[in-house]
Amino acid sequence: MLFRKLELDWKYGLSELLIVVTGVLIALAADGWVDSRADRALERQYIAGVIRDLRSDTAQIRDAIALSDRRAASARDVLAEIGGETRLSPDELAIAVEESMWFNFPAYSRETITDLMSTGNLRLVRDSHLRQRLSEYYQAIDRLDQWTGNWRRIQMDLEALLPNVLELRHRDAITSRINDVPLLPWAVALDVTPEESEAIRRRLREHASIGERLENMARVHGTFYSHLQRIHALAVAALRAAEAA
């Protein structure tokens, strides 16, 4: 009689245990499903942010490529003027001198990738191809940034010579014209006279090192142009991978 009672209690306990275990497994599965849905929603938000950032970057890089190409050409034009190989109009000469000494570094959008890296949420991006493209793109930006300090010093060294070549009123007018901003209140419209352009040529030829520095600047613009072309290709590849994810 006692054996039958113990046997009945054992079966009852086992059934209760199975009910509890089943309930726990169902709860865990439900939690996992909820977490998975939350992760997928967050992944979609991150990918949308990556697409937004990369679209902005590709536009910025395209502009920087065009400006770098133009400024390299301006430096070569000034060198040709110094060597007597060509003759620009008075306004063209002043603009070429000013423009050849400028850089335009793209303003990269890093908000999404910074969030992904700092929070460890890069794991949420399941597409390994997209992760690889993003890694290649942002590593290329970081490598280019290592050079910008040196290039800025070259630019600043050359730009320090500008007051010896161009008058301030011409520089103000050129800055407004190139940047497409309203003319500064104290600036006059760019109108370089033939006599002023001859003075610019004379100053360029008389300065001992400006030709060599312009050659360096032209090479830097060319190098910068090549790097930007590669970075743009990587940005486009990453954007396509994000849009396909």
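Mentor: Buried means under 20% relative accessible area, exposed means over 50%, and partly exposed is in between. Keep in mind that this is a predicted model.

Trainee: Fine. Is Arg201 buried or exposed, then?

Mentor: Arg201 has a relative accessibility of 2%, so it counts as buried.

Trainee: Which residue does Arg201 form a salt bridge with?

Mentor: Glu198, with the closest N and O atoms 3.3 Å apart. Both sit in helix α6 (residues 194-206), and being 3 residues apart there they are separated by about one helical turn. Glu198 is at 34% relative accessibility, so it counts as partly exposed.

Trainee: And which residues are linked with them in a network of salt bridges?

Mentor: Glu81 and Arg87 join Glu198 and Arg201 in that network.

Trainee: How many salt bridges does the structure hold?

Mentor: 14. One of them pairs the side chains of Glu243 and Arg55, at 3.0 Å from N to O. Glu243 is in helix α7 and Arg55 in helix α1 (residues 2-82), so the pair ties together parts 188 residues apart in sequence. Glu243 is partly exposed at 41% relative accessible area, and Arg55 is partly exposed at 48%.

Trainee: What about Glu99, which residue is its salt bridge with?

Mentor: Arg70, with the closest N and O atoms 2.6 Å apart. Glu99 belongs to helix α2 (residues 90-99) and Arg70 to helix α1, so this pair ties together parts 29 residues apart in sequence. Glu99 counts as buried at 5% relative accessibility, whereas Arg70 counts as partly exposed at 40%.

Trainee: Switching to packing. At what angle do α4 and α7 pack?

Mentor: About 165°, with their axes 9 Å apart; α4 covers residues 128-159 and α7 residues 210-244. Angles over 145 degrees count as roughly antiparallel, and α4 and α7 are therefore roughly antiparallel to each other.

Trainee: How do the residues of that contact divide?

Mentor: Into 22 nonpolar, 4 polar and 6 charged. As for handedness, the crossing of α4 and α7 is left-handed.

Trainee: Last one, Leu158. Where is it found?

Mentor: In helix α4. Leu158 has a relative accessible area of 1%, so it is buried.

Trainee: Which residues does Leu158 touch, not counting those up to four places away in sequence?

Mentor: Met101, Ile210, Arg213, Leu214 and Met217. Also, the C-alpha atoms of Leu158 and Trp102 are separated by 9.5 Å, although these two residues are 56 residues apart along the chain.

Notes. Residues are numbered from 1 along each chain as its sequence is written. This is a predicted model: local features need pLDDT of at least 70, side-chain atom pairs count only at pLDDT 80 or more; totals for chains, interfaces and linings use all residues. Side-chain values use heavy atoms; hydrogens and water are left out. Axes are lines fitted to C-alpha atoms, for helices over the stretch in contact, and angles run from 0 to 180 degrees between N-to-C directions. Helices (H or I, at least four residues) and strands (E, at least two) are DSSP runs, numbered from the N terminus. Angles under 35 degrees count as roughly parallel, over 145 as roughly antiparallel, 65 to 115 as roughly perpendicular and the rest as oblique. A crossing is left-handed if the near helix is turned anticlockwise from the far one by less than a right angle, and right-handed if clockwise. Ala, Val, Leu, Ile, Met, Phe, Trp, Tyr, Cys and Pro count as nonpolar, Asp, Glu, Lys and Arg as charged, and the others, Gly among them, as polar. Buried means under 20% relative accessible area, exposed over 50%, partly exposed in between (1.4 Å probe, protein chains only). Contact means heavy atoms within 4.5 Å. A salt bridge is a side-chain nitrogen of Lys or Arg within 4 Å of a carboxyl oxygen of Asp or Glu.
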